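User: I have a new structure to learn from. Let us go through it piece by piece.

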Amino acid sequence: ILVVHENRGLNPHIEDVARRLALENFMAFAPDGLTSVGGYPGDDAKGGELFGKVDRTKMSEDLYAAAVWLKSRPDSTGKLGVTGFCFGGGMTWNLLQDGEQRLAAAVPFYGPSPDNPDFRRAKAVVLAIYGEQDERVNATRDRAEAALKAAGLTYEIRTFAGAGHAFFND
């Protein structure tokens, strides 16, 4: 499972998410999208500042390469899952839209979907997580669901009552 962080880099919370998945016998990898600017600085506020300086195209390419690397490991089952939070949730939707054939499961946590999503090339099952009070991301939910439905994908959308953005953060 590729675990993609929020817009602060690979902070201790995301490292812990990967640890929890590993404890459930998944091979989990959480790359740091801030590597090109020195990596997560140990502070979320500073990580957010660095995030604004990262070349987004390069970061997206690096995350895609991480997914390919994880999937192609000799000890891999051959199935790839991705989960992400906020920015990482958006990246999860993007991998789904790119039709990454190696992708078997996608779990975007409060990630905005692409503007005009088209998931017809995807084969993954999807569990999309939203917070009821997260208006910005929820504004993209209907278009994501319409695209999932149009693609004929197996999916579930869960909206957590009373929850805002980033509600899963420890």
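User: How many bridges join β4 to strand β5?

Analyst: This is a predicted model: local features need pLDDT of at least 70, side-chain atom pairs count only at pLDDT 80 or more, and totals for chains, interfaces and linings use all residues. Residues are numbered from 1 along each chain as its sequence is written, and side-chain values use heavy atoms, with hydrogens and water left out. Elements are DSSP runs numbered from the N terminus: helices (H or I, at least four residues) and strands (E, at least two). β4 and β5 (residues 155–160) run parallel, and the number of bridges joining them is six.

User: Which residue in β5 is the bridge partner of A128?

Analyst: Start with the rule: two strands pair if DSSP finds at least two bridges between them. β4 and β5 are joined by six bridges. In one of these, the partner of A128 in β5 is I157.

User: How many bridges does strand β3 make with β4, and in which sense do they pair?

Analyst: β3 covers residues 103–109. Its F109 has I129 of β4 as bridge partner. The two strands pair over three bridges, and the sense is parallel.

User: Is β2 enclosed or open, and why?

Analyst: Buried means under 20% relative accessible area, exposed over 50%, and partly exposed in between (1.4 Å probe, protein chains only). L80, V82 and G84 on one side of β2 are buried, and so are G81, T83 and F85 on the other. Because six of the six residues of β2 are buried, the strand is largely enclosed by the rest of the structure.

User: Which residue in β3 stands opposite G81?

Analyst: β2 has bridges to β1 and to β3. Three parallel bridges join β1 to β2, with V3 partnered by T83. β2 and β3 also pair in the parallel sense, over six bridges. In β3, the residue opposite G81 is A105.

User: What is the relative accessible area of G131?

Analyst: G131 lies in strand β4. That strand, residues 125–131, is mostly covered, with five of its seven residues buried. G131 is buried, and its relative accessible area is 0%.

User: How far apart are the C-alpha atoms of G131 and T159?

Analyst: Contact means heavy atoms within 4.5 Å. Leaving aside neighbours within four places in sequence, G131 is in contact with N138, T159, F160, A163, G164 and F167. G131 and T159 are 28 residues apart along the chain, yet their C-alpha atoms are separated by 5.4 Å.

User: Which side chain makes a polar contact of 3.1 Å with that of E6?

Analyst: A polar contact is a pair of N or O atoms within 3.5 Å; within protein, one must be able to donate a hydrogen and the other to accept it, and residues adjacent in sequence count only if both atoms are side-chain atoms. E6 sits in the loop between β1 (2–4) and α1, and is buried, with a relative accessible area of 3%. The partner at 3.1 Å is N169.

User: Is C86 buried or exposed?

Analyst: C86 lies in the loop between β2 (80–85) and α4 (87–97). Most residues other than glycine have a negative phi. The phi of C86 is positive, near 55°. With a relative accessible area of 11%, C86 is buried.

User: What is the relative accessible area of N25?

Analyst: N25 also has a positive phi, near 70°. Its place is the loop between α1 (12–23) and α2 (44–51). N25 is exposed, and its relative accessible area is 74%.

User: How many residues has the largest nonpolar core?

Analyst: A nonpolar core is a set of buried Ala, Val, Leu, Ile, Met, Phe, Trp, Tyr and Cys residues joined through side-chain atoms within 4.5 Å. Those with the most contacts inside the largest one are L2, V3, W93, L96, L103 and F119. W93 and L96 are among the buried residues of α4, a helix with nine of its 11 residues buried. The number of residues in the largest core is 45.
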